[in-house]
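Q: I would like to learn how to read the contacts in a structure. Could we go through some cases one by one?

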Amino acid sequence: MSLDPDLLYSWLPAHVRIRDREEGEPLRALMAVAEELASELHDDVGRLYRNWFIETSQEWVVPYVGDLVGIARLRAMNPTAYTLRAYVANAIALRRRKGTPAAMEQVAQDLTGWHASVLEMFQQVSTTQHIKHPRPGSVRTPSLRNANEMDRLYGPFERASHTLDVRGLNRAPEPGLQEAVSPPTEPVKVLTQRDRGRYNLQTVSVFLWRLRAWPVTLAPAVPHEAQDGETPYSWYHFNQLGRDLPLFNFPQTKLEAASLAQEHHLPGQLRRSALYLELEARRQAEVDGVDPLPAWFGDQPPFRIYTRGPSGGLKELSPSGILIANLARCGEPGWLRPPGQRTYYPVSGGTVQKPITALVDPELGRLVFTPGNEPAASEQVLVSYHYGFSSDVGGGTYERHAELPDRPGFSHYPVHADAGPAAGLRARIIQWLAETPNTPGAVIEVLDNAIHAVDPDELSITVPEGKHLELRAANRQRPVISLSGDLHITLERHASLTLNGLWLHGGDVVVSVAPEGPTAVSLVHCTLVPETPGHPGARLRIVAAGGGGEGDAAPMAVSCTVRRSIVGGLELGGLGADCVLDFEESIADHRAGTAIHHGGAMRARASTVLGNTRVDVLELASDMLFTGTVMSERRQTGCARFSYAPPDSELPPRFQCQPQLPDGTDAATREAILYRLNPRFTSVVYGQPGYCQLAANMPDEVLRGASDEGEMGVFHHLEQSQRALNLQTGLSEYLRLGLEAGLIFVT
């Protein structure tokens with residue numbers, strides 16, 4: 001907090017200030033200089049005081065405070081990715097609970113930011129029980145009819161016992177690769193669900209949830225028409241793209257720090273059996289006249305369903321009226337909806353019929369109403385839920401305030417689906433084009449999570465000369481722009497365009513640029529939905545106005561920036577060598593062909609390209625992950641560093657790139673190395689939670705091959721490899737003597 005600019009001057013005697021005003025206030029000007037220095041000194045003293053406390057200290061002070069409490073030397077983290085402040089703050093309290101699973105869970109969360117669950121594996125080993133020490137919960141052969149227990153097998157909450165595995169967690173190198181590939185210097189013991197040495201007496205499994213649960217609030221459910229015998233009905237997708245999407249749990253806070261994390265405390269995928277049992281127990285408690293004990297459906301239920309009438313009032317479906325079911329065949333011919341009530345038996349005797357309003361499948365993200373409970377034709381079905389993804393890439397309901405400039409002097413047009421057609425996206429664009437006020441440009445901002453349909457045949461967008469148009473979503477909003485064809489946007493001389501925070505699907509975004517003057521096109525935190533089975537992909541195409549050919553060098557300077565975005569392909573053709581593409585922390589996904597086709601210069605940083613890449617000049621490729629062949633026409637300039645590209649790629653000079661094949665490598669060893677280093681992902685299907693997430697069993701040459709010893713690709717900024725190494729180091733202090741920890745990535 002700075003001092004008052006006139007504080008020192010106000011302390012002077014009144015007659016001195018009067019005389020100073022008569023002389024033109026030279027003394028006040030002199031005092032202003034002293035006050036500025038005093039203010040800086042005051043602020044510096046305040047910072048020094050705040051740096052004494054871990055809660056208020058600056059980020060650079062955190063390691064020094066850690067030294068004071070004896071924290072082991074850990075790898076430095078980028079403060080924008082994660083901070084070790086919580087680990088330092090809780091160090092003394094955690095040492096008092098050293099050796100307990102609850103303390104190790106807290107250590108894992110403080111060191112990595114990931115939710116964790118710790119399981120001591122000796123409890124899961126099948127043993128002959130002593131009559132004085134019975135273990136009723138240790139079940140050697142679980143019931144095959146118990147779907148909930150079957151779902152929990154090999155997870156952190158399983159109850160079944162396993163035979164003893166006396167092998168250790170240290171795995172031998174793969175045969176045939178000992179000489180070709182040197183082992184990592186600091187191995188991280190990452191296990192799979194059925195890895196060797198897991199069910200051992202000295203093993204402690206640390207389960208980690210790396211994906212985050214991102215909220216979507218009051219978004220429209222997408223209806224699909226079907227037939228129930230002769231009766232038509234609608235079933236719905238939670239996902240605004242109308243596709244299957246597993247729902248995620250929003251992690252609830254533990255009431256006691258010493259207690260172990262339960263399933264509803266973790267950001268995992270929702271399971272049918274767990275939610276089914278809770279809602280059934282809830283209805284049974286209601287008929288018995290007792291209070292239910294909610295775990296999932298308490299103050300923060302994992303999903304909510306609403307109906308909204310023409311008047312705008314919301315009506316929420318009670319969890320007591322929701323039945324969890326497998327809706328994989330919902331909508332198929334011959335599938336019949338269950339009746340709208342179920343029978344329950346109170347403890348007092350008799351039977352009670354409880355109404356069932358809707359069926360929900362959380363593993364597919366589907367919803368259907370029971371007969372007689374369908375919403376009216378004038379009502380809209382809205383849903384609130386959470387979906388899983390690795391990071392804030394591609395637009396979403398995350399914090400983007402820093403990416404939303406104020407743009408003073410611009411015309412602002414708010415868009416909201418509930419405000420009527422006059423406030424729709426198409427109407428706002430037409431309004432701006434008709435007005436073209438004397439301002440530097442316009443910001444058309446979508447304020448909701450609705451689906452905005454745009455017919456490109458009825459809408460032609462031309463940005464006038466010297467103007468800037470920004471189509472963006474409001475902070476923490478994720479609107480979906482549904483196109484019925486390619487959306488054409490024309491930029492006149494010196495005009496520019498920004499798309500920010502939008503999801504677009506159904507057609508390409510085609511930007512035509514004028515043949516004179518500099519032009520800028522930016523794609524920030526957007527998703528142009530990639531191609532998936534049954535759904536064509538959306539690309540960003542930038543062409544010269546008039547349709548210049550591939551070899552036509554247009555006399556203009558075009559800059560295209562793609563940052564923190566997901567696109568179904570990039571095509572920049574006929575723009576000349578002066579066109580520059582900056583591709584940063586993004587995903588280009590067109591596995592069936594060319595994902596990036598650019599006739600100019602390209603600078604790519606920390607991104608993943610699923611498909612081939614063809615550019616004229618690759619000025620820079622740093623921390624990149626190319627799964628397809630990369631062709632750079634001019635290889636005398638540029639640089640590729642700390643990146644992966646297939647061996648048949650033609651790149652500029654490389655530095656510390658993969659795959660590295662030592663001289664004299666025989667064919668068999670070469671194939672083994674290439675197979676080992678070939679990028680593998682949790683999923684390459686857009687919409688799945690683990691989309692473009694590197695598989696946990698990837699070798700360290702890729703997981704730790706980036707410039708800062710992090711992973712290559714789009715999630716490089718998460719510093720997940722550094723987090724895992726810090727956790728391996730920090731856990732050693734909290735393990736009991738003789739125990740060994742292994743990390744298991746659940747998501």
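**Reading contacts and burial**

A: Aspartate 392 is partly exposed, with a relative accessible area of 21%. The model is a predicted one, and every value below is computed from it.

Q: Which residue meets the side chain of aspartate 392 in a salt bridge?
A: A salt bridge is read from the distance between a side-chain nitrogen of Lys or Arg and a carboxyl oxygen of Asp or Glu. Here the partner of aspartate 392 is arginine 564, at 2.9 Å from N to O.

Q: Is arginine 564 buried or exposed?
A: Buried means under 20% relative accessible area. Arginine 564 has 15%, so it counts as buried. Aspartate 392, at 21%, is partly exposed.

Q: How many salt bridges does the structure hold?
A: There are 42 salt bridges in the structure. One of them joins arginine 472 to glutamate 470, with the closest N and O atoms 3.5 Å apart. Arginine 472 is buried at 6% relative accessibility, and glutamate 470 is buried at 0%.

Q: Where do arginine 635 and glutamate 650 lie?
A: Arginine 635 is in the loop between strand S35 (630-634) and S36, while glutamate 650 is in the loop between S36 and S37; the two are 15 residues apart. Their side chains form a salt bridge at 2.8 Å, N to O. Arginine 635 is partly exposed, at 35% relative accessibility, and glutamate 650 is partly exposed too, at 32%.

Q: Which residues do salt bridges that share partners join into one network?
A: The network consists of Asp486, Asp508, Arg539, Arg541 and Glu571.

Q: What describes a pair of aromatic rings?
A: The distance of the centres and the angle of the planes describe such a pair. A search of the whole structure gives 12 aromatic pairs. In one of them, tryptophan 503 and tyrosine 686 are edge-to-face, with 6.3 Å centre to centre and 65° between the planes. Tryptophan 503 belongs to strand S23 (residues 503-505) and tyrosine 686 to the loop between helix H11 (667-677) and helix H12 (700-703); this pair links distant parts of the chain, 183 residues apart.

Q: What is the relative accessibility of tryptophan 503?
A: Tryptophan 503 has 7% relative accessibility and therefore counts as buried. Tyrosine 686 is buried as well, with a relative accessible area of 9%.

Q: Why is the pair of phenylalanine 642 and phenylalanine 655 edge-to-face?
A: Planes over 60 degrees apart count as edge-to-face. The planes of phenylalanine 642 and phenylalanine 655 are at 85°, with the ring centres 5.5 Å apart, so the pair falls in that class. Phenylalanine 642 is in the loop between strand S36 (640-641) and strand S37 (654-655), and phenylalanine 655 is in strand S37, 13 residues apart. Phenylalanine 642 is buried at 14% relative accessible area, whereas phenylalanine 655 is partly exposed at 45%.

Q: Which residues do ring pairs link into a cluster?
A: The cluster is made of Phe238, Phe297, Phe303 and Tyr385.

Q: What does the side chain of glutamine 252 reach?
A: It reaches the backbone oxygen of alanine 295, at 2.9 Å. Glutamine 252 is in the loop between strand S6 (231-237) and helix H9 (272-288). With a relative accessible area of 18%, glutamine 252 is buried.

Q: Which residues form a nonpolar patch on the surface?
A: The patch is formed by Phe122, Leu164, Val166 and Leu201, with about 380 Å² of accessible area together. Leucine 164 lies in the loop between helix H8 (147-151) and strand S2 (190-191), and is partly exposed at 44% relative accessibility.

Conventions:
Residues are numbered from 1 along each chain as its sequence is written. This is a predicted model: local features need pLDDT of at least 70, side-chain atom pairs count only at pLDDT 80 or more; totals for chains, interfaces and linings use all residues. Side-chain values use heavy atoms; hydrogens and water are left out. Patches are made of residues with over 30% relative accessible area and no salt bridge: like charges are joined within 9 Å, nonpolar side chains (Val, Leu, Ile, Met, Phe, Trp, Tyr) within 5 Å. Accessible areas come from the Shrake-Rupley method with a 1.4 Å probe; for residues, only the protein chains shown count as cover. A salt bridge is a side-chain nitrogen of Lys or Arg within 4 Å of a carboxyl oxygen of Asp or Glu. Helices (H or I, at least four residues) and strands (E, at least two) are DSSP runs, numbered from the N terminus. Buried means under 20% relative accessible area, exposed over 50%, partly exposed in between (1.4 Å probe, protein chains only). Rings of Phe, Tyr and Trp (its six-membered ring) pair if their centres lie within 6.5 Å; planes under 30 degrees apart count as stacked, over 60 as edge-to-face and the rest as tilted. A polar contact is a pair of N or O atoms within 3.5 Å; within protein, one must be able to donate a hydrogen and the other to accept it, and residues adjacent in sequence count only if both atoms are side-chain atoms.
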